[in-house]
Amino acid sequence: MSFLHIAHPQEARRLFLGQSGLMLSGAAVALLAGREALAAKTGDGKVQDTQILNTALSAELEAIAAYQLGAESKLLQHSVLDLALTFQGHHKAHAEL
């Protein structure tokens, strides 16, 4: 059953995420069991690892920018602004790593 042919978007999303979760869980179990061949059948994975890291870095930089926009907007209450800047600091630390 394809998740693209479901009438309701919520059902399609649940089906897609459920099937994706099963696949990722299966790969994790295979890795933990020492069956690397079952987990991934593509070379050494350096290109994929680099793509994943670059995507994660992009997400961190976008989060930093979003928190900066919120901080500069003057729309946040002081307590919310403090929390937002704390979260921004976390994203900055992640990006530096």
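**View 1. Overall model and its confidence.** The mean pLDDT of the protein is 77, with 54% of its residues at 70 or more; pLDDT is the predictor's confidence in each residue, from 0 to 100. This is a predicted model, in which local features need pLDDT of at least 70 and side-chain atom pairs count only at pLDDT 80 or more, while totals for chains, interfaces and linings use all residues. Residues are numbered from 1 along each chain as its sequence is written, and side-chain values use heavy atoms, with hydrogens and water left out. The protein has 4 helices and 0 strands, giving the pattern α-α-α-α along the sequence. Helices (H or I, at least four residues) and strands (E, at least two) are DSSP runs, numbered from the N terminus. Where pLDDT is low, the predicted coordinates should not be read in detail.

View 2. Of the 97 residues in the protein, 11% are buried. Buried means under 20% relative accessible area, exposed over 50%, and partly exposed in between (1.4 Å probe, protein chains only). Among contacts with a separation of 6 or more, 33% are between residues 24 or more positions apart; contact means heavy atoms within 4.5 Å.

**View 3. Packing of helix 3 and helix 4.** Two packed helices are described by the angle between their axes and the distance between the axes. Helix 3 (residues 46-72) packs against helix 4 (residues 78-96) at an angle of about 155°, and the axes are 9 Å apart. Axes are lines fitted to C-alpha atoms, for helices over the stretch in contact, and angles run from 0 to 180 degrees between N-to-C directions. The two helices, helix 3 and helix 4, are therefore roughly antiparallel to each other. Angles under 35 degrees count as roughly parallel, over 145 as roughly antiparallel, 65 to 115 as roughly perpendicular and the rest as oblique.

**View 4. Residues at the contact of helix 3 with helix 4.** Helix 3 contributes Leu57, Glu60, Leu61, Ala63, Ile64, Tyr67, Gln68 and Ala71. From helix 4 come Leu81, Ala84, Leu85, Phe87, Gln88, His91, Lys92, His94 and Ala95. By class, this contact has 11 nonpolar, 4 polar and 2 charged residues. Ala, Val, Leu, Ile, Met, Phe, Trp, Tyr, Cys and Pro count as nonpolar, Asp, Glu, Lys and Arg as charged, and the others, Gly among them, as polar.

**View 5. Ala84 and its partners.** Ala84 lies in helix 4 and is buried, with a relative accessible area of 10%. Not counting residues up to four places away in sequence, Ala84 touches Tyr67 and Leu76. From Ala84 to Tyr67 the C-alpha to C-alpha distance is 6.2 Å, at 17 residues apart in sequence.

View 6. Ala63 is in helix 3 and is buried, with a relative accessible area of 15%. The C-alpha atoms of Ala63 and His90 are separated by 9.9 Å, the two residues being 27 residues apart along the chain. Glu62 is also in helix 3, but is exposed, with a relative accessible area of 59%. Between Glu62 and His91, 29 residues apart in sequence, the C-alpha to C-alpha distance is 9.3 Å.

**View 7. Lys74 in the loop.** Lys74 sits in the loop between helix 3 and helix 4. Although Lys74 is not a glycine, its phi is positive, at about 65°. Lys74 is exposed, with a relative accessible area of 73%.
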